[in-house]
Amino acid sequence: RRGFDMAVDFSGGDRGALCVLLSGAPVRCGYRKTGKGMFMRDRFFTHSVTPDFSKHTVDFHLDLVRTLGVEVQDVPLEMFVSDADRQAAQGKVRAKGVGRDERYVVIHPASRWFFKCWRRDGFAAVADHIAIKYGLQVVFTSAPDDRERDMVADILRLSSKPHINLAGECSLKQLAAVIQGAVLFVGIDSAPMHMAQAVKTPVIVLFGPSGVHNWGPRGERDAVLYRDWECVPCGKDGCNGTKKSRCLDDIEPGEVIREVDHFLGTRIT
């Protein structure tokens, strides 16, 4: 009924492909089937590409744009934050005790998938190191989910220095603004890590069972810590269904602190 001219399915699944077909658009673009899937699904598309799972996710999806004949060059991640969201974020940070011109570091330790999360004592040690060695405020953030708030509360209890708790208190755009105002973002493979890239804040990120080559940051100033084990990345929800990832727990706080020092020690004066 809407009379779409073109429909593009980035999901790669049967449901998305069927929606593209039922849209009635004369130009229909999507990924070809590589394994199980709906019979004759590839015929739903007028333009299609075989998915290359070895590529970074950005390049993986841009292949669909290329198959439509569009020339793609370097495409940086961008996220636009309104003045209203930026002012609201600044107000939240100021209300917690960060001075107007005071520099701070954001640590976002949580994910909706807890098997992607690092040790709580590790984040506490990293935050304390930043506060003691560099005199910077550390702002902890999370989604409003109770489990994520509890994680941050646990980390703060394990810390020897007081840190700022903004867990669950920001909208997505306000969170982006808080991250944009930071000198550094420390976290795990999660949406806020990608937001940090999009607002041009340097990233130190810990990866576990998810693929660095697919999801890792690509900025020149960004650092990634992960275990180069034969089983990594496995894409599973923890080792043997435990919801705990040994490849993440094996990363020591000292390794993260070295990356922090490499960045802050050369850039903070």
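How exposed is glutamate 252, in terms of relative accessibility? At 42%, glutamate 252 counts as partly exposed (buried means under 20% relative accessible area, exposed over 50%, partly exposed in between, with a 1.4 Å probe and protein chains only).

This is a predicted model, in which local features need pLDDT of at least 70 and side-chain atom pairs count only at pLDDT 80 or more, while totals for chains, interfaces and linings use all residues. Residues are numbered from 1 along each chain as its sequence is written, and side-chain values use heavy atoms, with hydrogens and water left out.

**View 1. Arginine 119 and glutamate 252 form a salt bridge.** Their closest N and O atoms are 3.7 Å apart (a salt bridge is a side-chain nitrogen of Lys or Arg within 4 Å of a carboxyl oxygen of Asp or Glu). Arginine 119 is buried, at 19% relative accessible area.

**View 2. Aspartate 261 forms a salt bridge with lysine 133.** The closest N and O atoms are 3.6 Å apart. Aspartate 261 lies in helix H10 and lysine 133 in helix H4, so the pair ties together parts 128 residues apart in sequence (helices, H or I, of at least four residues, and strands, E, of at least two, are DSSP runs numbered from the N terminus).

**View 3. Helix H5 covers residues 146–158.** Its buried residues are Glu148, Met151, Val152 and Ile155. Seen down the axis of H5, these fall within an arc of 95°, so they line one face of the helix (the arc is that of the directions from the helix axis to the C-beta atoms). On the other side of H5, Asp146 and Arg157 are exposed.

Technical notes: Expected span 1.5 Å × (residues − 1).
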